[in-house]
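Work through the exercises below with the sequence and the model at hand. Each task is followed by its solution in steps.

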Amino acid sequence: MENADIIVDLLVVLTLGFALGLAAHRLRQPVIVGYLVAGVILAPGTFGFDIAYERIELLANLGVTLLMFSLGIQFSFAELLEMRHLVVRVGFVQIGTTLVVAFGLARAAGLTTPTAFLIAEVVSISSSTVAFSLLQSRGALERPHGRVATAVLIAQDLAVVPLLALLPVFSSGSANVVERVVLPVLIAAVAIVLLVVLGSRIVPWVLRRVAIVGSRELFLAAVVAIAFGVAFVSERAGLSLALGAFLAGVVVSESEFGQQVLGEIIPLRDLFSIVFFTSIGLLIDPAAAVEDWRLIVLIIGLIVAVKGTLSAAIVRMAGYPVATAVSAAVLLTQIGEFSFVLASHGIDLGIIDDRTYNAILLAAVVSLVFNGPLTTLAPWLATLLGRLPFHIGPPLPYDVEPGHAESELRGHIVVGGYGRAGHELVRVLERRGFRYIVIDLDPQRVRELRERGVPVIYGDIANEQVLRAAGIAKARVFAITVPDLVSAQAAIRLAKRLNPSIDVIARALSSSQVARLDEAGATEVVQPAFEAGLEFVRHTLRRYGVSLPEIQALISARRLDYYEEERLRESER
């Protein structure tokens, strides 16, 4: 049956994607790597699989739309407004600098001016889908490098429209600058304003009316219709499906239904995201890559080495430390969906041929496959660069908080990171009158805390000088609330060396990290998901009349068993 072909293709993609995604997870790599490799294996020129890309592309677009929609729900207009300075100072500067340098190097390599400009455009744009997925999987969306990378990705998404508008200038046909460049940009700007203004008024009203009905199926249908409706309007206005879906998610986040919508959409998002990442690998013609390896190497070098170096330097020049600059830059060392749009448009205009297009696709897949492992190596690379005898960029904008010199601090609490966990801890410490000092890597957050009179130091918890400035040698407790495992391990070892008797409590993002933090020297490790489960136990047993002392005894015993089990499990690996 011809109608069953898409079902067979979907079954093959999901099965192989699942198998290789599981293998990638076992190798402690992002599952995205497994999905991409699955796509390369299923590509027609590899092992002869008969997977029709046209059919999979439709499902892949569903995955992109749902993923960007769910990401938009996790933001708000207030957060986006806070990022506007980063978008301009870092995002647009990064795009412009990469565009100019990549174009110059491509021309120096012998490419024609139109081809060099298109490749420079392709290189300057990163995959929001991949970067956000990596940030989510590592719980780093709220980390400084996550916020910087998000600002750059937003700027890149906005830049797609003018970059597309510039391509006709290099086509063989005549180009009216006003008609082909200025007009599309103006239309796109008006479309964004209309989507945000009208959407913020209409979408909450629609969801409120549907919620009154009380039907979960109708609510889900309305959510999906809003996501794809706004994405469709966005594409018709010259923007992209992904950017439109992201804006729709931001609009929904402003309503009281944001979290419910996110919960409904996550299963669909995760399913179709597998198809999207696998579909990228399907585009490759491995046989043609042998003849064009020089061009492929050039593009990969521009993506990884040139864009990565420029991005790190720009973030560092904006006042962020080396660790943040490197971590944010590594997330951007790939190209993805918007780059494919630019390349496809280049073929339509006759700027590049099929062989150049295939080289761009292969370079994209290579950059995406290696992006996950590179993000894992980012902390070590940052440490290596930090040991160099010279430093790029301005001095760090914040030093030790006046009035809180190391000699004045004694018996206090050092709070590593002012995220949600750190914020709650500080609230209690302030109410009880305990002395404390906060260490955080986000300059904006540090500025806000100082304005409120909170004792804070700008810096990395894994930096010895920063810990000394926080008086770690005389502190009683070191609370490491950041989810970054590498930084947490380094900070624990430093703190124990400077103060062997200090009590260290650390946060494990997953159960597998418990033993590693314990091995590093943590006095106590907290795994948020498990602790949430204990709170469910406490509440449920209390409702059934179990006494508080008995509940506390049960919880304490279970907590002791759980963390001991994790330590034993890790030691057996």
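Axes are lines fitted to C-alpha atoms, for helices over the stretch in contact, and angles run from 0 to 180 degrees between N-to-C directions. The model is predicted: local features need pLDDT of at least 70, side-chain atom pairs count only at pLDDT 80 or more, and totals for chains, interfaces and linings use all residues. Residues are numbered from 1 along each chain as its sequence is written, and side-chain values use heavy atoms, with hydrogens and water left out.

**Exercise 1.** Find which strands helix α22 lies across.

Solution. Helices (H or I, at least four residues) and strands (E, at least two) are DSSP runs, numbered from the N terminus. Helix α22 covers residues 485-498.

**Exercise 2.** Give the strand order of the open sheet of 6 strands.

Solution. The order is β3-β2-β1-β4-β5-β6, with parallel pairing; two strands pair if DSSP finds at least two bridges between them. At the edges are β3 (456-458) and β6 (524-526), each pairing on one side only. On average, neighbouring strands are turned by 15° against each other, direction ignored. Within the sheet, β1 (residues 413-416) and β2 (residues 436-440) share 4 bridges. Gly416 has Ile439 in β2 as its bridge partner.

**Exercise 3.** Decide whether Lys307 is buried or exposed.

Solution. Lys307 belongs to helix α15 (residues 293-317). Its relative accessible area is 0%. Buried means under 20%, exposed over 50%, partly exposed in between (1.4 Å probe, protein chains only), so Lys307 is buried.

How values were computed:
Contact means heavy atoms within 4.5 Å.
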